[in-house]
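Trainee: I have a model open and would like to learn how to read it. Where do we start?

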Amino acid sequence: MENQDINEESINNQEETNIQNEAVSEDKVTEKPSAEELLADEKDRYIRLYAEFENYKKRTSKEKVEFFQYANQDMMVSMLGVLDDFERALKEIAKNGNPADLQGVELIYNKFKNKLTEKGLKTMEVKAGDSFNVDFHEAITQIPAPSEDLKGKIVDVIETGYTLGDKVIRFAKVITGN
């Protein structure tokens with residue numbers, strides 16, 4: 001029995017010695033990096049940080065430009081109703097009204113439209129016979145096409161569409177041929 005206890009003890013001591021030796025060899029494997037390696041790591045970190053900061057500056061300046069460009073979008077959308085009313089009034093005055101009244105209303109209309117255009121509002125040029133494009137047009141209804149070449153194309157424009165910069169703020173409402 002005693003021999004067995006002594007053998008177990010010696011085995012345990014050998015295992016502890018092996019564990020200690022492995023720990024010492026691991027310390028030797030994980031040597032400290034050289035100054036050149038540290039410098040290369042820091043340089044890499046600096047370059048990445050600099051690039052990240054440059055991307056941040058570009059993104060924020062782009063966001064700022066877009067903010068100023070589209071800041072008055074709500075006001076523009078609300079003015080489109082007034083612009084439509086002016087256009088309807090001009091049509092009615094041209095039919096039944098006094099030429100002097102027509103000239104006065106046209107003057108006000110043109111001045112109002114020019115001010116909106118100065119702020120970036122653009123009218124979409126849509127006419128009968130154009131191809132229907134869901135990115136710019138909203139189909140109100142479909143009717144049987146008056147001619148074969150108008151099938152799937154715009155037959156009539158109900159309401160003018162507008163863009164502010166490159167962004168559509170009101171789709172042109174159209175009737176398409178079926």
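Mentor: Start with the secondary structure: this protein has four helices and six strands. Helices (H or I, at least four residues) and strands (E, at least two) are DSSP runs, numbered from the N terminus. Along the sequence the order is α-α-α-α-β-β-β-β-β-β. This is a predicted model, in which local features need pLDDT of at least 70 and side-chain atom pairs count only at pLDDT 80 or more, while totals for chains, interfaces and linings use all residues. Residues are numbered from 1 along each chain as its sequence is written, and side-chain values use heavy atoms, with hydrogens and water left out.

Trainee: What percentage of the residues in the protein is buried?

Mentor: Buried means under 20% relative accessible area, exposed over 50%, and partly exposed in between (1.4 Å probe, protein chains only). Of the 178 residues here, 17% are buried.

Trainee: Which residues have the most contacts inside the largest nonpolar core?

Mentor: In soluble globular proteins, nonpolar side chains tend to be buried together. A nonpolar core is a set of buried Ala, Val, Leu, Ile, Met, Phe, Trp, Tyr and Cys residues joined through side-chain atoms within 4.5 Å. The largest one has 13 residues, and Met-76, Leu-80, Leu-83, Leu-121, Tyr-162 and Ile-169 have the most contacts inside it. At least two residues of this core come from each of α3, α4 (99–118) and β4 (162–164), with α3 giving the largest share, five residues. Apart from this core lies another, of five residues, including Met-124, Val-126, Ile-154 and Ala-172.

Trainee: Is His-137 buried or exposed?

Mentor: His-137 sits in strand β2 (residues 137–143) and is buried, with a relative accessible area of 10%. Contact means heavy atoms within 4.5 Å. Setting aside neighbours within four places in sequence, His-137 is in contact with Val-126, Ser-131, Phe-132, Ile-154, Phe-171, Ala-172 and Val-174.

Trainee: Which residues line the largest pocket?

Mentor: On a 1 Å grid over the protein atoms alone, a pocket is an open set of points where a 1.4 Å probe fits, with protein on both sides within 12 Å along at least five of seven lines; lining residues have an atom within 4 Å of a point. Here the lining consists of Asp-84, Glu-87, Arg-88, Lys-91, Val-157, Ile-158, Glu-159 and Thr-160. Helix α3 gives the most to this lining, with four residues, and β3 (154–159) supplies at least two.
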